[in-house]
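This report describes the domain arrangement, the ligand surroundings and the salt bridges of one protein model.

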Amino acid sequence: MKTDYNIRCTYKNGAWGELEVSDSEMVTMHMAATCIHYGQESFEGLKAFRGADNKIRVFRMDENAKRMQDSSMGTMMAVLPIEKFEEAIVKAVKLNERFVPPYESGAALYIRPFLFGTGAQVGVKPANEYMFILFVTPVGPYFKGGFQTTPFVIMREFDRSAPLGMGKYKVGGNYAASLVAGEKAHQMGYSNVFYLDAIEKKYIDECGAANFFGIKNNTYVTPKSSSILPSITNKSLMVLAEDMGMKVERRQIPVEELATFDEAGACGTAAVISPIERIDDYDEKISYVFTKDGKPGPISEKLYKKLRGIQYGDEPDTHGWITIVE
Ligand SMILES: *Cc1c(COP(=O)(O)O)cnc(C)c1O
């Protein structure tokens, strides 16, 4: 949905300019801009929530600011100061306040910051000019029919990213690289592809564009890998799991270990937790099933409710994750 305003900032002559407010949805740039030819682009995604008290809360925006800085360093783009990133969010949310959905709807305002090379450059080297834009748009509740499980599929013919490559940065190229695999998974009736490490195809990486976690023996287990995106949702769930008295393990997870989890989920900003019904190994013809009745497990549900509760202001913000926009 089109909203009223977006926020922009340009980098040239070695410095970032002032934040600007725009009511245009268009970008005009040189046809030789590096973002178009050589993929100098990164993006972020986070949400603002309207509480029962009518206050608007933004979740962990400092983490998104830092991650975008990492993506800039990984693609040799200009690094946007954290304060500018945060200021742009607050400004965009305030200016588009009428688009923040009501508390009761379970919907939210999605915030999309992105940064790209605009300098004209036919030789392969970093641009000398960049643009940062931040737009917002309302998004409906992720689970329309209630908190539900979905299936994933392992297909060894595809890699999302390489171990020493770009997987740890939030860049558009990783998404382009995953489209063919994602389409195939969708056509076969799956939510998304369940990726294994690209070298040995032995350890768990990510589920599409979401991190993985498994639950067993009162322990939250999530992969340690250099080719996955460090999810802020996952980072938050690890803290909440510890708060609930669970153990947290971040380590390599061999694919066969899937058989030992009582619950499994994909996590990210879009759904918080998308509980996994089963993972079919397409090559080995094995299924790992995490639910008997198609319903999410009790720990996934508890973690989901807790995090959503903090985001909407129904639960106390004991870790200082919330910024109230006023
Ligand atoms: C954005 C993203 C995630 C989820 O990160 P959050 O910060 O939790 O939204 C996970 N994996 C990939 C590949 C992503 O791009």
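## Domains and basis of the model

The protein chain is divided into domain 1 (6–139) and domain 2 (150–312), with bounds that come from an automatic or database domain assignment. The centres of the two domains, taken over C-alpha atoms, are separated by 26 Å. To the contact (heavy atoms within 4.5 Å), domain 1 contributes 25 residues and domain 2 contributes 19 residues.

This is a predicted model, in which local features need pLDDT of at least 70 and side-chain atom pairs count only at pLDDT 80 or more, while totals for chains, interfaces and linings use all residues. Residues are numbered from 1 along each chain as its sequence is written, and side-chain values use heavy atoms, with hydrogens and water left out.

## Interface between the domains

The size of an interface is often given as the accessible area lost when the parts come together. Domain 1 and domain 2 bury about 1,900 Å² between them, 61% of it on carbon and sulfur atoms; buried area is the accessible area (1.4 Å probe) that two parts lose on being put together, summed over both. On the side of domain 1, the most area is lost to domain 2 by Phe-43, Phe-59 and Arg-67, together 33% of what that side buries.

One salt bridge is found across this interface, the term denoting a side-chain nitrogen of Lys or Arg within 4 Å of a carboxyl oxygen of Asp or Glu. Glu-63 forms a salt bridge with Lys-235, and their closest N and O atoms are 3.0 Å apart.

## Ligand surroundings

The ligand is surrounded by 14 residues (a heavy atom within 4 Å), the closest being Lys-170, Tyr-175, Glu-206, Ser-231 and Thr-233. A polar side-chain atom of Glu-206 lies 2.5 Å from a nitrogen atom of the ligand. An N or O atom in the side chain of Ser-231 is 2.6 Å from an oxygen atom of the ligand, and a polar backbone atom of Ile-232 is 2.9 Å from an oxygen atom of the ligand.

## Salt bridges in the structure

The structure holds 20 salt bridges. One of them joins Glu-257 and Lys-216, with the closest N and O atoms 2.7 Å apart.

Notes:
Polar contact = N/O pair within 3.5 Å; in protein donor to acceptor, adjacent residues only side chain to side chain.
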